[in-house]
Amino acid sequence: MQTLERLRAKMRAADVEAILVADATNVGWLTGFSGSFGRAIVTADGAVFVTDSRYTLQAQEEVKEIPVASFASPKDGDEFVAEQAKALGVTRLGFEAANTTYAQWQKWTDKMAGIELVPVGDLFGELRLIKSEEEVEKIRKACAIADACFSHVLRLIQPGVREYDIALEIEFFIRRQGAEIAFPPIVVSGERSARPHGKPSEKLLEIGDFVTMDFGARVEGYNSDITRTVVVGHASDRHRAVYELVLEAQMEALHAIRPGKLAKDIDQLTRDILNTQDLAKYFGHGLGHGLGKLVHDGGRLGPNSENVIEPGQVWTVEPGVYIPGFGGVRIEDDVVVTSDGVEILTHSTKELLVLPQA
């Protein structure tokens with residue numbers, strides 16, 4: 001099991017004898033389990049996956065290479081985890097310090113008499129940042145659904161249609177493909193498009209509106225995240241100027257991403273381009289984020305990022321300009337880093353569309 005052996009290598013490097021994995025995203029990455037309650041105990045030469053009776057059959061299907069142990073009421077879950085740790089001969093057990101509450105630590109301490117609990121730093125962030133071919137393929141499928149969804153909803157971009165109805169159609173389309181929505185779709189128009197994470201409203205589309213749509217699909221636990229901005233009816237010179245500069249910044253960023261580059265330098269490149277027309281002041285968020293089991297997965301393309309670009313990373317690249325009283329533009333693609341650049345996983349057109357087309 002590739003993920004298990006990668007974790008064990010990290011454990012050896014960090015001098016961690018055994019670890020209790022309880023964070024749901026880390027559990028899913030490690031084991032493939034998609035239910036709401038699961039724990040994994042991993043040692044240098046052993047492992048066990050723990051869940052409750054609601055998920056016994058599901059865990060047997062999804063968790064392929066770690067033995068599954070399940071419990072039922074009235075057995076206490078933390079007590080059962082302690083029993084499994086002792087069965088593996090664990091006397092010193094690491095736990096995910098950043099993802100464990102004080103209350104949970106107290107419960108484990110009460111149940112795990114004779115086992116020393118040791119806080120462990122983030123072993124999973126770097127592991128999840130580099131995707132396997134299997135992971136990339138799942139993201140690629142999610143991106144294909146997002147692309148198809150964008151093409152599908154273009155017919156709704158016309159005066160008199162509610163933002164809310166477009167968002168509903170996005171969600172219905174994704175679910176009809178057998179996928180889940182990665183997050184509630186963002187659909188904002190006109191002056192409301194200056195809200196980067198605005199919620200769809202009852203507002204009706206009007207001629208001259210920018211319409212920004214940000215959405216994604218989840219396939220087998222992995223996400224896509226795409227944004228496109230279009231114009232209703234008529235694009236003014238200002239619409240075109242803002243859009244074309246954001247597109248230039250995005251295209252240059254895509255070209256600049258390659259192994260060895262600093263994430264913060266790529267972010268700065270986009271700001272320098274936007275500054276040629278004094279628009280960088282309207283770009284308040286980072287250029288992008290890691291994408292995988294979470295929509296906002298580990299890693300950031302931003303001014304304070306310490307990430308270095310490496311092959312196998314999957315990033316969103318999404319510069320935006322949000323002008324109060326006018327509107328906003330964001331253009332977002334998902335990419336996987338290759339040995340000499342990126343493969344763009346989202347393929348929806350980035351031509352400025354003025355809809356409906358005559």
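Reply: The lining of the second largest pocket is made up of 6 nonpolar, 8 polar and 6 charged residues. In this scheme Ala, Val, Leu, Ile, Met, Phe, Trp, Tyr, Cys and Pro are nonpolar, Asp, Glu, Lys and Arg are charged, and the others, Gly among them, are polar. This is a predicted model, in which local features need pLDDT of at least 70 and side-chain atom pairs count only at pLDDT 80 or more, while totals for chains, interfaces and linings use all residues. Residues are numbered from 1 along each chain as its sequence is written, and side-chain values use heavy atoms, with hydrogens and water left out.

The space in this second largest pocket comes to about 340 Å³. His197, His285, His289, His296 and Glu318 are the closest to its centre among the 20 residues that line this pocket. Strand S13 (288-290) and strand S14 (297-301) are the elements that give two or more residues to its lining. Two terms need explaining here. A pocket is found on a 1 Å grid over the protein atoms alone, as an open set of points where a 1.4 Å probe fits, with protein on both sides within 12 Å along at least five of seven lines; a lining residue has an atom within 4 Å of a point. The grid points are joined across faces, edges and corners, and the volume is the space filled by probe spheres set on them. Strands (E, at least two residues) and helices (H or I, at least four) are DSSP runs, numbered from the N terminus.

The largest pocket has a volume of about 830 Å³. Its lining holds 34 residues, and Gly28, Trp29, Gly32, Phe33 and Lys293 lie nearest the centre. By class, this lining divides into 10 nonpolar, 12 polar and 12 charged residues. Helix H1 (2-13), helix H2 (24-31) and helix H7 (133-153) each supply at least two residues. H2 gives the most, with 7 residues.

Ring pairs join Phe33, Phe49 and Tyr55 into a cluster. Rings of Phe, Tyr and Trp (its six-membered ring) pair if their centres lie within 6.5 Å; planes under 30 degrees apart are stacked, over 60 edge-to-face, and the rest tilted. By this rule there are 8 aromatic pairs. One of them is the edge-to-face pair of Phe37 and Phe71, with 6.0 Å from centre to centre and 85° between the planes. This pair links distant parts of the chain, 34 residues apart: Phe37 is in the loop between H2 and strand S2 (39-43), and Phe71 is in strand S4 (residues 68-71). Phe37 and Phe71 are both buried. Buried means under 20% relative accessible area, exposed over 50%, and partly exposed in between (1.4 Å probe, protein chains only).

The loop between S4 and helix H4 (77-87) contains Pro74. A cis peptide bond joins Ser73 to Pro74, with omega about 15°. The peptide bond from Leu355 to Pro356 is cis as well, with omega near -5°. Pro356 itself sits in the segment after strand S20 (354-355). With a relative accessible area of 47%, Pro356 is partly exposed. Leaving out residues up to four places away in sequence, Pro356 touches Ile157, Gln158 and Pro159, where contact means heavy atoms within 4.5 Å.

For Asp15, phi is near 60°, a positive value in a residue other than glycine. Asp15 lies in the loop between H1 and strand S1 (18-21), and is exposed at 61% relative accessible area. For Asp278, phi is near 60° too, again positive in a residue other than glycine. Asp278 belongs to the loop between helix H10 (263-275) and S13, and is partly exposed at 43%.

Lastly, the cysteines. The structure has 0 disulfides, a disulfide being a pair of cysteine sulfur atoms within 2.5 Å. Cys143 is in no disulfide, and the nearest cysteine sulfur, that of Cys149, is 13 Å away. Cys143 has 0% relative accessibility and therefore counts as buried. Cys149 counts as buried too, because its relative accessibility is 0%.
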